[in-house]
Amino acid sequence: MTEPRAPEARRETRLLLATIAVSVGMLLLLARFRFPEEAGRQTVEPAAAPLERLAARATFDELAGTMADLERRILPTLLVVTGEGIDGSLHVPAVRVTPDRAVALLPGDHRITAVGKESVPTVLLHDAVRELAVVTTLPRADAIPSLPATGGRPGPRYVGVVEATGGTLSIRPVYVGRTDLVPDPRWSEPLLAVAAVQQNVSAGSAVFSLDGAFVGLAIDRSGAVRIVPAETLRNVATAAPATAAPRADLRVEVQALTPQLAKVAGTSKGVMISYVPDPDSPLTPGDVIRSVDGIGVTTVGGFRQVAQSRTPGAQVVLEIVRRGEPQTVTVAAVPANGTPFTGPDRESGVVSRSLPGIGAEVVTVAPGSAADRAGLQRGDVIIAMDEEKRPTAAAIDRWFRAASQGDAVLLAVRRDGTHRVVALEKR
């Protein structure tokens, strides 16, 4: 009979108990690492990313809905103003500020050719210095936007910016930062300076708050965004005369007097003449105009403002400097037809400049004019007119003025290295 193995059994039992104890200890240690005691005292939050995406989507949908509602409310208050200048057409939005008047910001060297669907608009005011235009509209008392109740200083917030691209109005949201009141010598009241803006705001754009209030019109001052307040614009429009005063044209193109030009010209004040379309004019490119009828001019905008305020048909006295020699000349002010530096006889719709020994270069073509129907384009060089070779700009003008209805002339044109013939017909 075999004796029981008591010592071995006891060792196996102790070993088993030790293994169990070590296992329990390891489990407790792992539990402390995975589930620390502090975890029980913290609030477990769900993952944020899905909610953030939903919130962003909700914010976008809300803003899109707000912009759609804003567009519906302000479109009746807006018109498109079309201006023609030497560089082509320019479209800007105009905002009604009275039942029959609207305001827009358009460079003073542009002729306003259309307001909305009116191709023969009535321009009550076109201030070349401030670039402000006041035009008449069909009376509509229910299409005047409200003005901001807080004084028109948006920010930081979203605003609606209206632009006229290709003759079509478009609106987009723009986030603006703080706005400050800043003085401007061109305006009797302070402008709004935008300290931070999310996107570019083009000059002439109309700015609205998201509740449909008209904040003002944007201008560009050395790359900084400025807004002419709506209240200021309404005051100017209300004070404009009921009928448009005749505007004059001195038939010269001028440019700013740089230090280098001033050194050659012999004077540091005034504006330099860069183009004279009339070959019989006493003025010549390079002359510096220092005053108009005794009114000093130092900027291009100031010259235009003074020149346009003369009476058509009046004799205007200019103080000029020609290569350091002061002179006084007298020129006749002609009625402005809106096309830059032209007189009243440009019925052909083409503005050209003479190229001695070559012909006449087309500077601009009025839409719908005889020149436009003939197919002339800016940059074309007219090298022959029927049998006349190398015609001057004045010769082309004289032919058109003397022509009868139905008369036509053949123009030989050089364009981009190629040659063609077009027919200029007077209708």
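User: Which residues line the second largest cavity?

Analyst: In this predicted model, the lining of the second largest cavity consists of V159, V161, V176, V194, V197, V201, V207, V225 and I227. The volume of this cavity is about 50 Å³. The structure holds 2 cavities of 30 Å³ or more.

User: Which strands each supply at least two residues of that lining, and how is the lining divided by class?

Analyst: At least two lining residues come from strand 7, and at least two from strand 13 (224-229). By class, the lining has 9 nonpolar residues, with no polar and no charged ones.

User: How should I read a nonpolar core, and which members of the largest one touch the most other members?

Analyst: In soluble globular proteins, nonpolar side chains tend to be buried together. Here the largest nonpolar core has 25 residues, and those that touch the most other members are V103, F208, F214, L217 and L233. Several elements each supply at least two residues of this core, among them helix 2 (48-74), strand 2 (88-98), strand 3 (101-105) and strand 6 (132-136). Strand 11 (206-209), strand 12 (214-221) and helix 3 (230-239) are also included in that list.

User: Which element gives the most to this core?

Analyst: Helix 3 does, with 4 residues. R234 also has its place in helix 3. R234 counts as partly exposed because its relative accessibility is 31%. In space, R234 and V134 are 9.7 Å apart, C-alpha to C-alpha, while 100 residues separate them in sequence.

User: How is an aromatic pair described, and how many does the structure hold?

Analyst: A pair of aromatic rings is described by the distance of the centres and the angle of the planes. The structure holds 3 aromatic pairs. One of them is formed by Y158 and Y175, with 5.3 Å centre to centre and 75 degrees between the planes, an edge-to-face arrangement. This pair links distant parts of the chain, since Y158 lies in strand 7 (residues 157-165) and Y175 in strand 8 (residues 168-176), 17 residues apart. Y158 counts as partly exposed because its relative accessibility is 31%; Y175, at 35%, likewise counts as partly exposed.

User: What are the geometry of the pair F208 and F214 and the accessibility of F208 and F214?

Analyst: F208 and F214 form a tilted pair, with 5.4 Å centre to centre and 40 degrees between the planes. F208 has 0% relative accessibility and therefore counts as buried. F214 is also buried, at 0%. F208 and F214 were named above among the core residues that touch the most other members.

User: Where does the charged end of R130 sit?

Analyst: The charged end of R130 sits over the ring of W187, at 4.9 Å from the ring centre.

User: Turning to other loop residues, is G108 buried or exposed, and where does G108 lie?

Analyst: G108 lies in the loop between strand 3 and strand 4 (111-115). G108 counts as buried because its relative accessibility is 9%, where buried means under 20%.

User: Where are D100 and T311 found?

Analyst: D100 is in the loop between strand 2 and strand 3. D100 is partly exposed, with a relative accessible area of 35%. From D100 to V135 the C-alpha separation is 8.4 Å, and the two are 35 residues apart along the chain. T311 is in the loop between helix 5 (300-308) and strand 19. T311 counts as exposed because its relative accessibility is 54%. T311 and D249 are 9.2 Å apart in space, C-alpha to C-alpha, and 62 residues apart in sequence.

Technical notes. Residues are numbered from 1 along each chain as its sequence is written. This is a predicted model: local features need pLDDT of at least 70, side-chain atom pairs count only at pLDDT 80 or more; totals for chains, interfaces and linings use all residues. Side-chain values use heavy atoms; hydrogens and water are left out. Rings of Phe, Tyr and Trp (its six-membered ring) pair if their centres lie within 6.5 Å; planes under 30 degrees apart count as stacked, over 60 as edge-to-face and the rest as tilted. Buried means under 20% relative accessible area, exposed over 50%, partly exposed in between (1.4 Å probe, protein chains only). A charge sits over a ring if NZ of Lys or CZ of Arg is within 6 Å of the ring centre and within 35 degrees of the ring normal. On a 1 Å grid over the protein atoms alone, a cavity is a set of points where a 1.4 Å probe fits but cannot get out, and a pocket is an open set with protein on both sides within 12 Å along at least five of seven lines; lining residues have an atom within 4 Å of a point. Grid points are joined across faces, edges and corners, and a volume is the space filled by probe spheres set on the points. Ala, Val, Leu, Ile, Met, Phe, Trp, Tyr, Cys and Pro count as nonpolar, Asp, Glu, Lys and Arg as charged, and the others, Gly among them, as polar. A nonpolar core is a set of buried Ala, Val, Leu, Ile, Met, Phe, Trp, Tyr and Cys residues joined through side-chain atoms within 4.5 Å.
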